Amino acid sequence: MPWDRNQMAERAAQELEDGTYVNLGIGIPTLVSNYVGDKDITLQSENGMLGMGPFPFEGDEDPDLINAGKQTITELPRTAYFDSATSFGMIRGGKIAAAILGAMEVAENGDLANWMIPGKLVKGMGGAMDLVAGVQKVIVVMDHQNKAGESKVLKECTLPLTGTGVVDRIITNLGVLDVVEGGLKIVELADGVTEEQMRDATEATIV
Amino acid sequence: MKKIYGSAAEALDGLLFDGMFIAAGGFGLCGIPELLLQAIKDAGTKDLTFASNNAGVDDFGIGILLQSKQVKKMISSYVGENKEFMRQYLSGELELEFNPQGTLAERMRAGGAGIPGFYTKTGVGTQIAEGKEHKDFHGETYILETGMFADLSIVKAWKADETGNLVFRKAARNFNPPAATCGKVCVVEVEEIVPTGSLDPDHIHLPGVYVHRIIQGEHEKRIEQRTVRTREAAQ
């Protein structure tokens, strides 16, 4: 059985090292915070906050306290607020240990496309280009194939890029792949997924 | 040194002109200068270029100026929440310059600090880098981005004293401090003006040197995505 969204998030949480500052993207990456367990992880929200807490209880929502997905959230005893230039200073400056992001396409050389479909989706890159350029480790979490059953793990991205050679590790519903010299290396297969199934579902070179 | 004005319209008097470039604070609908945006709409100033991380929603924030066709160009990192924006952009009525969010913030900060350009790794190898100077430092490639110099800054703070020292609240700080610094004139709207001397000098987020005009007003502070958890689930 391939992993579901929660299992992918749970697997991604294993990537986070105790005592680090981490940025989680929107979608499946947001679920990762449910699986950090006993690890001491401080979540960064790039609109200007370290120490992001859970959603507020109903009635406690504060319009001045949102995350980068514009959702109402809460603060923690460790929370610090700062302006956007400072926020991206710590991102660009390599102070954030890891970013877990969704993707539309990833290529075998670590190229990432997750912000634009020409003519269709014109929303903008937000902070994604700064994150992939600046954080120490970039982990992509996404479905292995699109709705048409085509591989999202490609030899070369077809969509406009978010960054070149930036992805370190890819976690999909089929397993875990690392970007290495010459292509991708299988690190782990989801329960019941065979290496053959992984290879069949992947357009990129698997070494 | 009179910085306090009676209304948003008074505070903007003499500052607005067609074709001007305005830097605005806020992230999504959080910490946006909603009263000043409304006053700009009422003034009818046209062909505006806005540097603002987002473009509001259809009926709030910069969205109200898009509805009235007062905006010529947006410089933003993410505009996904505004359908009217998308319509005007796809039909060619509106110019759009995407800046990565950190690059946009740094362009404002740099402009306010008198820095006309800086090199960044962000966007290297992407559409953003096209036509920009590339330069290697320590074996890595960077691109040249320019500091931003606006005709006017409009920002929202929580509190101001009478000399314009500002305090922001929680995540509503966001783009407000960098946006405040990069305009020739900065107009600030706050929830409360407090007597000079009542703010702790060690707790000022933006000193009054950057602030020229202040108004106090009632803010709607709309929430874009209300997400909650139930008390039962937490137990």
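Arg199(A) is partly exposed, with a relative accessible area of 38%; the term covers values between buried, under 20%, and exposed, over 50%, for a 1.4 Å probe and protein chains only. The side chains of Arg199(A) and Glu195(A) form a salt bridge, N to O 3.0 Å, that is, a side-chain nitrogen of Lys or Arg within 4 Å of a carboxyl oxygen of Asp or Glu. The two residues are separated by about one helical turn because they stand 4 residues apart in helix H5 (residues 195-200) of chain A. Helices (H or I, at least four residues) and strands (E, at least two) are DSSP runs numbered from the N terminus.

The model is predicted: local features need pLDDT of at least 70 and side-chain atom pairs count only at pLDDT 80 or more, while totals for chains, interfaces and linings use all residues. Residues are numbered from 1 along each chain as its sequence is written, chains are lettered from A and ligands numbered from 1 in the order in which they are written, and side-chain values use heavy atoms, with hydrogens and water left out.

Over all chains, the search finds 26 salt bridges. One network of them links Arg11(A), Glu15(A), Lys137(A), Arg169(A), Asp178(A) and Glu188(A).

Across the interface of chain B and chain A there are 7 salt bridges. One of these joins Asp64(A) to Arg169(B), at 2.8 Å from N to O. Another pairs Arg231(B) with Asp60(A), whose closest N and O atoms are 3.8 Å apart. This pair runs from helix H7 of chain B to the loop between strand E3 (49-52) and strand E4 (75-81) of chain A. Arg231(B) is partly exposed at 44%, and Asp60(A) is partly exposed at 45%. Glu81(B) and Lys70(A) also meet in a salt bridge, 3.3 Å from N to O. Here Glu81(B) is partly exposed at 25%, whereas Lys70(A) is buried at 4%.

How many residues of each chain are in contact at this interface? Chain B contributes 52 residues and chain A 44, where contact means heavy atoms within 4.5 Å. The size of an interface is often given as the accessible area lost when the parts come together. Chain B and chain A bury about 4,300 Å² between them, 59% of it on carbon and sulfur atoms; this is the accessible area (1.4 Å probe) lost on being put together, summed over both. Lys170(B), Thr227(B) and Arg229(B) supply 16% of the area that chain B buries against chain A, more than any other three residues.

The largest has 54 residues, and Leu112(A) and Ile170(A) touch the most other members. Apart from it lies another core of 40 residues, including Met125(A), Ala8(B), Ile154(B) and Ile215(B).

Lastly, the backbone. Asn174(B) has a positive phi of about 30° although it is not a glycine. Asn174(B) lies in the loop between strand E9 (166-167) and H6 of chain B and is buried, with a relative accessible area of 0%. Lys221(B), likewise not a glycine, has a positive phi of about 50° and sits in the loop between strand E11 (213-216) and H7 of chain B.

Terms used: A nonpolar core is a set of buried Ala, Val, Leu, Ile, Met, Phe, Trp, Tyr and Cys residues joined through side-chain atoms within 4.5 Å. Buried area is the accessible area (1.4 Å probe) that two parts lose on being put together, summed over both.
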